[in-house]
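User: Could you take a close look at one helix-helix contact in this model for me? Start with the overall layout, then zoom in and tell me how the pieces around it sit.

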Amino acid sequence: MTRKEYNEAVELYADNLYRFVVKHTQNRMLSEDVIQETFAKVWEKHESIEASKAKSYLFTTAYHQMVDVLKKEKRTTGFDGQDVKQDDALSHLFDVQKTLQEAVNRLPEIQKTVILLRDYEGYNYNEIAEITALNESQVKVYIFRARQTLKNYLKSTELVA
């Protein structure tokens, strides 16, 4: 990948990467650190990366970096980062969004990852498999199980009829 292609990839995918990571971490500072480290790692290897694989490589790197940071974060106590907060202007809408976010956060890490990549970011099964190092069948199973769990959680909170 050339310098120009790298810069184009950063421009194209930075927002999507950030959204993906912040949905997982619920912490803006931590997410920014993960994204910065991701771009640094990709830059170090940019000459050996095919431009057509930049998106997949960026998301895979971000995913692994995020998992490493979250593991480290669980081992340490107290983090003074800024949590992501929702504005309460339309309370009912935000209550539904808050409940959905709570449901997503309750999912096992791998189910949360595949749901965010599929339903929030719009990736296909093959791309998700490549990013998470799973096979396509595993991705489909995790997505199915995650959706079932979300459905049951939302039903239990009486938000869905």
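Predicted model: local features only at pLDDT ≥ 70, side-chain atom pairs only at ≥ 80, totals over all residues.

Analyst: The chain has 161 residues, and 37% of them count as buried. It exposes about 10100 Å², with carbon and sulfur atoms supplying 48% of that area. Taking contacts between residues at least 6 apart in sequence, 67% join residues at least 24 apart.

Now for the close-up: H6 against H7. Helix H7 covers residues 136-156, and the two helices pack at an angle of about 100° with their axes 8 Å apart. Angles of 65 to 115 degrees count as roughly perpendicular, so H6 is roughly perpendicular to H7. On the H6 side, the residues involved are Tyr125, Asn126, Ile128, Ala129 and Thr132, and they meet Glu136, Val139, Lys140 and Ile143 of H7. By type, the residues of this contact divide into five nonpolar, two polar and two charged. As for the spacing you see in those numbers, an α-helix has 3.6 residues a turn, so residues three or four places apart point the same way.

The residue I'd zoom in on is tyrosine 125, found in helix H6, which spans residues 125-132. Leaving aside neighbours within four places in sequence, tyrosine 125 is in contact with Glu136, Val139, Lys140 and Ile143, and also with Arg118. Looking back along the chain, tyrosine 125 and valine 114 are 11 residues apart in sequence, and their C-alpha atoms are 8.9 Å apart in space.

Beyond its neighbours within four places in sequence, glutamine 111 is in contact with Tyr142, Arg145, Ala146 and Thr149. Glutamine 111 has 10% relative accessibility, so it counts as buried.

Asparagine 16 has its place in helix H1, yet its C-alpha atom is separated by 9.5 Å from that of tyrosine 120, 104 residues away along the chain. Not counting residues up to four places away in sequence, asparagine 16 touches Phe59 and Glu121.

H1 itself (residues 3-25) is worth a glance, as it bends by about 50° at tyrosine 13. Tyr13 is also one of the buried residues of H1, a list that includes Tyr6, Ala9, Leu17, Phe20 and Val21. Just after H1, glutamine 26 takes a positive phi of about 60°.

One last stop is threonine 61, which lies in helix H3 (residues 54-75). With 14% relative accessibility, threonine 61 counts as buried. Setting aside neighbours within four places in sequence, threonine 61 is in contact with Thr38, Lys41 and Val42.

So, back to your contact: H6 crosses H7 roughly perpendicular, with Tyr125 among the H6 residues that meet H7.

Note on methods. Residues numbered from 1 in each chain as written. Heavy atoms only, no water. Helix = DSSP H or I, 4+ residues; strand = E, 2+ residues; numbered from the N terminus. Buried < 20%, exposed > 50% of the residue type's maximum accessible area, 1.4 Å probe, protein only. Contact = heavy atoms within 4.5 Å. Axes fitted to C-alpha atoms, helices over the stretch in contact; angles between N-to-C directions. Parallel < 35°, antiparallel > 145°, perpendicular 65-115°, else oblique. Nonpolar A, V, L, I, M, F, W, Y, C, P; charged D, E, K, R; others polar. Areas by Shrake-Rupley, 256 points an atom, 1.4 Å probe, with all protein chains shown as cover. Bend = angle between axes of the 7 residues up to and from the residue.
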